[in-house]
Amino acid sequence: MTALTPSISDSNASHLNADPAELDNFNRLSSTWWDQEGEFFALHKINPFRVKFIEKFTPPLATQRVVDIGCGGGILSESLAEKGAKVTGIDLAKEVLTVAKLHGLDSGIQVDYQLISAEAYAQQHCEQHDIVTCMEMLEHVPDPQSIINAAAECVKPGGWVFFSTLNRNYKSYLLAIIAAENILNLAPKGTHTHEKFITPAEMDAMARPAGLYLRDSAGINFNPLLNQYGLSDNVDVNYLLAYQKGM
């Protein structure tokens, strides 16, 4: 596992496609990232279904080169690497990346974690990856189109790009913010801003100009009261999208 790249100064951070308040919030919560009963409980519960969705479309992961954009503490990155993929995890939250790196040392799962923006990484690694993942990130950045463009630039022609985000409607406001954050404590309070949620139609309108073509979608359903989680056809709240880059 490589060392983290040099820190990004506060003066430079303002020019990145990142919200400093969002980064500060995730950095503040970094120590709880791998607590499966803690504030990121929901991420741990849905992660196996994200992996299952990815494997539905791709060749065996042991043959794939992957970049996980907005990797956070490495929950998805480690799962893909554990299956043999060569994984790079990138993020701009320094403290969270440190937690990811330390957890990798404990688990023995090799992931190359880098403190770098998606846009800068894409410039350096154009069309070098078989798979790009970007999970639960687009609703946290000022310019999601820029992230989608970077993901498309990273992936090889014919390769796969997977996004997950939150739909924007009254139901998602009730479930993802009122219930999940304020009643059930499934996510830290203030994690989400409803106005930043993205509808599937808006996602596709951003993806097509980047040369990405939608192949499938799935909703992520969870009922914490019954401890039931899984994939469905209902994309009203949390949803996954599988895109393929044109040849």
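Helix α7 passes helix α9 in a right-handed crossing; a crossing is right-handed if the near helix is turned clockwise from the far one by less than a right angle, and left-handed if anticlockwise. The model is a predicted one, in which local features need pLDDT of at least 70 and side-chain atom pairs count only at pLDDT 80 or more, while totals for chains, interfaces and linings use all residues. Residues are numbered from 1 along each chain as its sequence is written, and side-chain values use heavy atoms, with hydrogens and water left out.

Two packed helices are described by the angle between their axes and the distance between the axes. Helix α7 covers residues 144-154 and helix α9 residues 200-207; they pack at an angle of about 55°, with their axes 9 Å apart. The α7 and α9 pair is therefore oblique (angles under 35 degrees count as roughly parallel, over 145 as roughly antiparallel, 65 to 115 as roughly perpendicular and the rest as oblique). Axes here are lines fitted to C-alpha atoms, for helices over the stretch in contact, and angles run from 0 to 180 degrees between N-to-C directions. On the α7 side the meeting residues are Pro144, Gln145 and Ile148, and on the α9 side they are Met203, Met206 and Ala207. Contact means heavy atoms within 4.5 Å.

Helix α7 is mostly covered, with eight of its eleven residues buried. Buried means under 20% relative accessible area, exposed over 50%, and partly exposed in between, with a 1.4 Å probe and protein chains only. The buried residues of α7 are Pro144, Ser146, Ile147, Ile148, Ala150, Ala151, Ala152 and Cys154. Ile147 has a relative accessible area of 1%, so Ile147 is buried. Setting aside neighbours within four places in sequence, Ile147 is in contact with Asn17, Ile69, Ala118, Glu119, Cys134, Met137, Leu138 and Val141. Cys134 lies 13 residues from Ile147 along the chain, and their C-alpha atoms are separated by 8.7 Å.

In helix α9, the partner of α7, sits Ala201. Ala201 is exposed because its relative accessible area is 59%. Between Ala201 and Asn167 there are 34 residues of sequence separation and a C-alpha to C-alpha distance of 9.7 Å.

Helix α4 runs over residues 75-82; its axis and that of α3 come within 10 Å and cross at roughly 45°. The two helices are therefore oblique to each other, and α3 passes α4 in a right-handed crossing. Leu43, His44, Asn47, Arg50, Val51 and Ile54 of α3 make the contact with Ile75, Leu76, Ser79 and Leu80 of α4.

Helix α3, residues 41-55, bends by about 35° at Asn47, and a proline, Pro48, follows within four residues. The bend at a residue is the angle between axes fitted to the seven residues ending there and the seven starting there. Asn47 is also among the buried residues of α3, which are Phe41, Ala42, Leu43, His44, Ile46, Asn47, Arg50, Val51, Phe53 and Ile54.

Two loop residues have a backbone angle to note. Most residues other than glycine have a negative phi. Glu127 has a phi near 55°, a positive value in a residue other than glycine, and is placed in the loop between α6 (118-124) and β4 (129-135). With a relative accessibility of 37%, Glu127 counts as partly exposed. Glu136 has a positive phi as well, near 50°, and is found in the loop between β4 and α7. Its relative accessible area is 18%, so Glu136 is buried.

Two cysteines come next. Cys71 counts as buried because its relative accessibility is 7%, and Cys134 counts as buried because its own is 0%. A disulfide is a covalent bond between the sulfur atoms of two cysteines. With a disulfide taken as a pair of cysteine sulfur atoms within 2.5 Å, the count comes to zero.

Strand β8, residues 238-245, holds Gln244. Apart from neighbours within four places in sequence, Gln244 is in contact with Gly158, Gly159, Trp160, Gly211, Leu212, Tyr213 and Arg215. Gly159 is 85 residues from Gln244 along the chain, yet their C-alpha atoms are separated by 5.6 Å.

The protein has nine helices and eight strands. Helices (H or I, at least four residues) and strands (E, at least two) are DSSP runs, numbered from the N terminus. Of its 247 residues, 54% count as buried. Among contacts between residues at least 6 apart in sequence, 73% join residues at least 24 apart.
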